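Work through the exercises below with the model open. Try each task before reading its solution.

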Amino acid sequence: MNKPRIIVTGATGKTGSVVVTELLKAGYPVRAMVHREDDRSARLRAQGTEIVVADMSDVERIADALRDVQRAYYCPPYDPYMIQGAVAFAVAAKESRLEQIVGLSQWLASPSHPSLATRQSWLVDRLFSMTPGVAHTIINPGFFADAYLVTIGLAAHLGVFPWMYGNSRNAPPSNEDIARVAVGALMNPARHAGQSYRPTGPQLLGADDMAQAIGGAVGRSVRVVPTPRWLFMKAAKMAGMSIDLMSNVRYYIDDHKRGAFELGAPTTDVLDVTGRSPEDFETIARRYAALPRYQRNLGNRLRELGGFMIAPLIPGFNFERYDNQLRRPFPLQPQFAPESTLWRREHRINGRGKVAAAVDKNAAGGTRRPRWVESQ
């Protein structure tokens, strides 16, 4: 019996590339949607993936990409026009009679958040849930482990772990675990239709916990260094992070400080969907530490030291000009996730910061939500 063809958007990205690999291993025909032909798309093609090049907002190209496709992993770009791309995808999904969309969303998704991407993620979730005839599953992780490990070079070579999030904690999932939850949903639409899953790591970790785990991965003592937001943003710009991404991350730092990512964490969703326990943070960190650029040698040490010294001197992002040029809409009364009554209700956060154990019917098709464990 032929298996359904599955399209993966953002197929060269952190989760999309893993989704492609896991689906191919399971014998599914995969069509990978990419922005351009490059070395990453060439590697996917070499694995046996069909490659299509399309911009998410190009309605006709998206329609062509979805032809003869039955299921989709939708990974939205960090783009101020995310909602236009999602509408194009929903229109094409209806026309092509797509049977399922598994969409990557955000734990923070809410309609009055100061982040444009987060407000649009909330709208995209509802758009796909209302698309006739299409089963919809939401994957809504918080900060990935990857977000903390972008600075592992500083830990390996200088013994420091920058931290901007106060006393808050998180149970960060690996890219691989997030992708495997998506794959589990794609392989069994009937079971996962209408569900919302929040992949997490196995335990809540604060700054000292993460520094200790990273130290174990790089083989040296690592200390936490409280870092001001302005310096973090300059370092991000120097590292090549886009202003589209960092214009949203600036707000996520405040959510993190407010404890948004420890509410309801950890969950059992990775185990429940994949049958595998989630990876712990040190295991993930060891995978990053093994990369050539983080090996402890003189050249890498000089590169990290040079970046560390130069970062305070370079100009940072000009978010005010960016917002003005975009004519970016802003809520009349913006609210960070933990302050939003709607967000807490939708995420079943009670007054004590716990996730309710009961299950309800949800608006995305009358299915039952998964049980989440209480926060520690």
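**Exercise 1: Contacts and fold**

In this predicted model, residues 24 or more positions apart make up 77% of the chain's contacts with a separation of 6 or more.

Solution. 
- Step 1. For the extents, the C-alpha trace spans about 55 × 50 × 45 Å along its principal axes.

**Exercise 2: Surface and charge**

Task: Find what share of the residues is buried, then describe the accessible surface and the charged side chains.

Solution. 
- Step 1. Apply the cut-off: buried means under 20% relative accessible area. Of the 376 residues, 54% pass.
- Step 2. The accessible surface is about 17100 Å², and carbon and sulfur atoms supply 53% of that.
- Step 3. There are 47 positive and 35 negative side chains. The centres of the two sets lie 3 Å apart.

**Exercise 3: Helix α11**

Task: Which residues of α11 are buried, and which helices do they pack against?

Solution. 
- Step 1. Locate α11 at residues 229-238.
- Step 2. Its buried residues are Phe232, Met233, Lys234 and Ala236.
- Step 3. These buried residues pack against α12 (243-257) and α16 (319-326).

Key. Residues are numbered from 1 along each chain as its sequence is written. This is a predicted model: local features need pLDDT of at least 70, side-chain atom pairs count only at pLDDT 80 or more; totals for chains, interfaces and linings use all residues. Side-chain values use heavy atoms; hydrogens and water are left out. Buried means under 20% relative accessible area, exposed over 50%, partly exposed in between (1.4 Å probe, protein chains only). Contact means heavy atoms within 4.5 Å. Accessible areas come from the Shrake-Rupley method with a 1.4 Å probe; for residues, only the protein chains shown count as cover. Lys and Arg count as positive and Asp and Glu as negative; His and the chain ends are not counted. The place of a charge is taken as NZ of Lys, CZ of Arg, CG of Asp or CD of Glu. Helices (H or I, at least four residues) and strands (E, at least two) are DSSP runs, numbered from the N terminus.
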